[in-house]
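Please keep the sequence and the structure in view while reading.

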Amino acid sequence: MTTRKEKIVLPLIAVLLGFVLGSLIVAFTGRSPLAMYAAIVKGFSGIDILNGQPLNSRYIGEFIIQAMPIILTGLSFAFASRTGLFSIGAEGQLMIGSLSATTVALLVRAPTVIHLPLVLLAAILGGALWGAIPGFLKARYNVHEVVVTIMMNYIALHFNNFVILHIFGSVDRVKTAPFPTTALLKSPFLESITRNSRLNWGFIPVILALLIFAFIINKTTFGYSLRAVGYNKEAARYAGMKVNRNIIASMAIAGAFAGLAGAVITVGTFNFGRVIQSAEGYGFDGIAVALVGGNEAFGILLAGMLFGGLKAAQPLMQSQGIPREIAGIIQASIVLFVAMKFGIKMVLDKFERKQAPTTEGDRV
Amino acid sequence: MTFELLLQMFPIALMFSAPIILTALGGLFSERSGIVNIALEGIMMVGAFTGATVTVLLENSTPAAAWYGLLAGLLAGVVFSILHAVASINLKADQVISGTALNILAGGLTVYLCQIIFHQQRTRAFSNGIQKFSVPGLSDIPVLGRMFFKEIYPTFYIAIAMVFITWFVVYKTPLGLRMRACGEHPQAAASMGINVAKMRYFGVLVSGALGGLGGAVMVLTADIQYTLVSIHGTGFISLASLVFGKWNPFGVLGAGLFFGFSTALSFYAKDIKFLAGLPGEFFYILPYLLTIIALLFFAGKSVGPKAAGEIYDSGKR
């Protein structure tokens, strides 16, 4: 198989196998896989194949809402990944981004054209700073980024709760006072065309982020040197690239994407800062999105929509008596199958050889 | 901090140390055999879920339900870790990605099964977990008795025993030597006729057993039921203890105690004069912050198995 074909076929097989495994688990636990697929279709479109309901734009709006933050956390993981770093820190960077957005939304008074960009910028900077810390520790002290980013997630969680509870003062120990409307991405227009879904302008920064990701990675010298560090650190160093600086920069930019996701949630989906009980899974969703999307912008967009739809279908599954966690199980299985790509490739190659014994067989 | 308070902290700190030590020893087996096991968190979750479930389901029929819970947690950990073994040994998966997948899978699977079995997103609460006990005789020794032998969870002694067993197996038996060889230079080990895949299966499955046991210990001593957040990063802290303890069983013991005390501190902070004013969130952060600091001190001099995390290529020299 050619590498180009591999990049498309292997993730598709992984997705397929993930759904097969998910269906088996549903069936083994005495639930109906058909009801699960019906819920997924409805989650994407509002079309109810079991009860015959037509397309409903509200469901489309809600599924895009779910896809937006995980596309961003996917970009975050992928960006660090391109520099050879395995960052599990998107979750925490997102929380800090969310907290920064909350801070600016509550404290600044300005018209929308100033306030909203400031909110987004604060989230980006907050996330970038939180990402730069493990980057710095990796570059300067060679501390493995996996454990550090995970620890940073827990620290971000409790730090967020500390600030919301003790500094801003929560209304009910759950959320802050509502933000002024000048800080929000909300749009009555978008809500009205999607039958009162929570769809908001958040998709614009998401699209910009996708374009910026593709541009930096593929079209700039900086992106090239980041990838060079990812392929071979020592060779990059020998070629005169500043390896340590690239590691920190890569982690900071990864953090910026995740921080932006925090803003998209906090001033888009919601309009208040939140106390967070436990990790909400955006970081792990992002890892799945990036791995299935092959760490490429376009792939991440598609994978983000797939997993966003799956998330949107969760409450629908629950109401069908299928525990909502099946979505996470399917997602994890897909990641596991993506990780097994060498194994899958070996099987496929064997299969291909059997298909064409005359050409391959002679040579071997 | 008064001395009395320190004495009071001991049983709590040892309770938190036990699962960290057990799980980190599991990680030691896996990494010494050459497989990075970031799935320890997920393995602990599976062990904790199984331990709690078995305890809940058996507690009306046997007083030893929690002990069956521990055993079930251990076995569940082994079964779950087979996935990591197959993926990273047979299918040459990236071990970090495979481990991450298992961590996500564990969260989904355990809560899914809670919904199927208990119709809620957590297990039912068990009425009795593992019970504290006092060692007759030894608990009367002044000071030392109160620190290590009075009102102690027996799981701590299991953890201590495992430290010695691990040391013996890894450093004093041919099996341990072969396993370590696979973690340092698998090609050289293979040239001496050692079955690298088999050794690595051994390492990963033992890590599954100890991680599963660690998870079950944690939920049955420090909690009343299994929830999605029962383990809250303890698997990763165990992983850090392994680095902190320099991949050595006694180092792991020290690191585990250190993290146990840092967790216990958050429970006693309000009684300590100069700490009482700080907000509770500060103490929640403490174990995680200390983990990073510990890694910082030891990272430069880290002496981990050389081949850990590398995909085994038998043709490489």
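Leaving aside its neighbours within four places in sequence, Leu260(A) is in contact with Leu72(A), Gly97(A), Leu120(A), Ala123(A), Ile124(A), Gly127(A), Pro205(A) and Ala209(A); two residues are in contact if their C-beta atoms, placed from the backbone, lie within 7 Å. This is a predicted model, in which local features need pLDDT of at least 70 and side-chain atom pairs count only at pLDDT 80 or more, while totals for chains, interfaces and linings use all residues. Residues are numbered from 1 along each chain as its sequence is written, and chains are lettered from A and ligands numbered from 1 in the order in which they are written.

Leu260(A) also belongs to the largest nonpolar core, which has 218 residues; together with Leu72(A), Val119(A), Phe257(A) and Val335(A), Leu260(A) touches the most other members. A nonpolar core is a set of buried Ala, Val, Leu, Ile, Met, Phe, Trp, Tyr and Cys residues joined through C-beta atoms within 7 Å; buried means that 20 or more other C-beta atoms lie within 10 Å of a residue's own. Helix α11 (residues 243–269) of chain A gives the most to this core, with 16 residues; helices are DSSP runs (H or I, at least four residues), numbered from the N terminus.

The contact between the chains takes 37 residues from chain A and 39 residues from chain B. On the side of chain A that touches chain B, α6(A) gives the most, with 12 residues.

As for confidence, the model scores ipTM 0.89 and pTM 0.92.

Key. Buried ≥ 20, exposed ≤ 12 C-beta atoms within 10 Å, placed from the backbone. Helix = DSSP H or I, 4+ residues; strand = E, 2+ residues; numbered from the N terminus.
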